[in-house]
Amino acid sequence: MTLAQATTSPTVRALLKEQHCRAVVAANVRELAVFGKDEEVLAALAPLGAQIAGTVDLDAARDSWALGLLYDALVKALSRYRPLIPRFKRSGHSLVVASPREGENQEFALKRSQDLAPLRTAYESALTGNVPKLNFPFNEGVFLKLEQIEDRWWCGFEPYTFVDIPRPEQSEQAVQPESGSTENDALGMPFERRGGDPAGDWRRERWAPKYNKQWAAIIHAWATLLTSAKDGKVLAFGLEDGAGVDAVFTVSRFTGWSRPGHHHAYFDRTK
């Protein structure tokens with residue numbers, strides 16, 4: 001698409017969110033690469049004078065904006081029709097297990113439970129809940145990466161436990177340090193300004209008993225969940241023909257592995 005005025009990707013995303021328009025975009029001055037329904041995107045971006053201008057070839061290996069667009073679309077596609085919630089962050093995206101909803105459809109709840117059964121067995125514990133004592137909600141999930149290795153594109157994933165830690169809003173006056181007191185003293189700052197992870201100890205204790213056997217089962221369960229799709233393809237939106245450009249990915253069921261970079265006596269062990 002072309003735009004009547006220069007803009008940025010965050011500005012476009014804000015407009016789309018305001019209009020409840022589901023799309024994945026990457027802006028480059030007055031040009032816009034979009035995955036989504038054309039009619040809805042044009043309506044949402046009317047203030048920017050958006051117009052359809054054909055298609056564009058994506059070269060993720062060369063253009064960072066193209067890699068970002070595909071990364072966003074892949075995370076969206078992997079969450080579709082799965083009991084997973086995408087979390088888009090500048091530091092890296094992730095998928096977390098969706099928590100049960102109060103009053104949700106019984107049929108939907110049963111399907112979610114069945115889809116998550118292998119994952120629950122691998123973790124040997126609940127996939128969602130509240131952190132003891134702190135009562136912060138937690139969800140098991142995976143960090144996702146999209147990277148090219150040996151001329152192949154790989155979707156890397158790393159299991160982690162997401163904890164929704166509330167960050168109290170404070171006024172600008174409240175967080176200003178007093179002159180000559182704690183300005184450069186991290187220990188003297190309020191917890192909200194120092195940062196930190198109040199659920200860190202619980203998180204470490206939760207993962208400490210998981211050794212190779214448990215990790216192998218968890219990785220296998222995640223790989224199975226993420227690649228279970230018809231014809232091995234996942235779509236970001238599932239658009240009808242002619243409605244717009246969808247993001248379609250073919251995901252292999254086989255995980256990658258590498259040989260050790262050097263030999264060690266440990267590899268010759270018999271037990």
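Helices (H or I, at least four residues) and strands (E, at least two) are DSSP runs, numbered from the N terminus. This is a predicted model, in which local features need pLDDT of at least 70 and side-chain atom pairs count only at pLDDT 80 or more, whereas totals for chains, interfaces and linings use all residues. Residues are numbered from 1 along each chain as its sequence is written, and side-chain values use heavy atoms, with hydrogens and water left out.

**Overall composition**

The secondary structure of the protein comprises 8 helices and 10 strands. Of its 271 residues, 34% are buried; buried denotes a relative accessible area under 20%, exposed one over 50%, and partly exposed one in between (1.4 Å probe, protein chains only). Contact is taken as heavy atoms within 4.5 Å. Among contacts between residues at least 6 apart in sequence, 57% join residues at least 24 apart.

**Strand residues and their surroundings**

Ala-6 belongs to strand β1 (residues 2-7). Apart from neighbours within four places in sequence, Ala-6 is in contact with Val-29 and Arg-30. The C-alpha atoms of Ala-6 and Asn-28 are 8.0 Å apart, with a sequence separation of 22 residues. Val-29, one of the contacts of Ala-6, is found in strand β2 (residues 23-37).

Phe-157 is located in strand β7 (residues 152-163). Beyond neighbours within four places in sequence, Phe-157 is in contact with Val-142, Phe-143, Leu-144, Ile-219, Trp-222, Ala-223 and Leu-226. Between Phe-157 and Ile-219 the sequence separation is 62 residues, and the C-alpha to C-alpha distance is 8.6 Å.

The table lists computed accessibilities for selected residues.

| Residue | Relative accessible area | Class |
|---|---|---|
| Ala-6 | 47% | partly exposed |
| Cys-21 | 10% | buried |
| Lys-133 | 90% | exposed |
| Cys-155 | 30% | partly exposed |
| Phe-157 | 23% | partly exposed |

**Backbone and cysteines**

Most residues other than glycine have a negative phi. Val-29 has a positive phi, near 60°, and is not a glycine. Lys-133, likewise not a glycine, has a positive phi of about 70°; Lys-133 lies in the loop between β5 (128-130) and β6 (137-149).

A disulfide is a covalent bond between the sulfur atoms of two cysteines. With a disulfide counted as a pair of cysteine sulfur atoms within 2.5 Å, the total is 0 disulfides.

**Packing of α4 and α8**

Two packed helices are described by the angle between their axes and the distance between the axes. Here the axes are lines fitted to C-alpha atoms, for helices over the stretch in contact, and angles run from 0 to 180 degrees between N-to-C directions. Helix α4 (residues 106-123) and helix α8 (residues 212-227) pack at about 165°, with axes 8 Å apart. Helix α4 is therefore roughly antiparallel to α8, given that angles under 35 degrees count as roughly parallel, over 145 as roughly antiparallel, 65 to 115 as roughly perpendicular and the rest as oblique.

On the α4 side, the contact is made by Asp-115, Leu-116, Pro-118, Leu-119, Ala-122 and Tyr-123, and on the α8 side by Gln-214, Ala-217, Ile-218, Ala-221, Trp-222 and Leu-225. These residues divide into 10 nonpolar, 1 polar and 1 charged, where Ala, Val, Leu, Ile, Met, Phe, Trp, Tyr, Cys and Pro count as nonpolar, Asp, Glu, Lys and Arg as charged, and the others, Gly among them, as polar. Trp-222, which takes part in the contact of α4 with α8, is also in contact with Phe-157.
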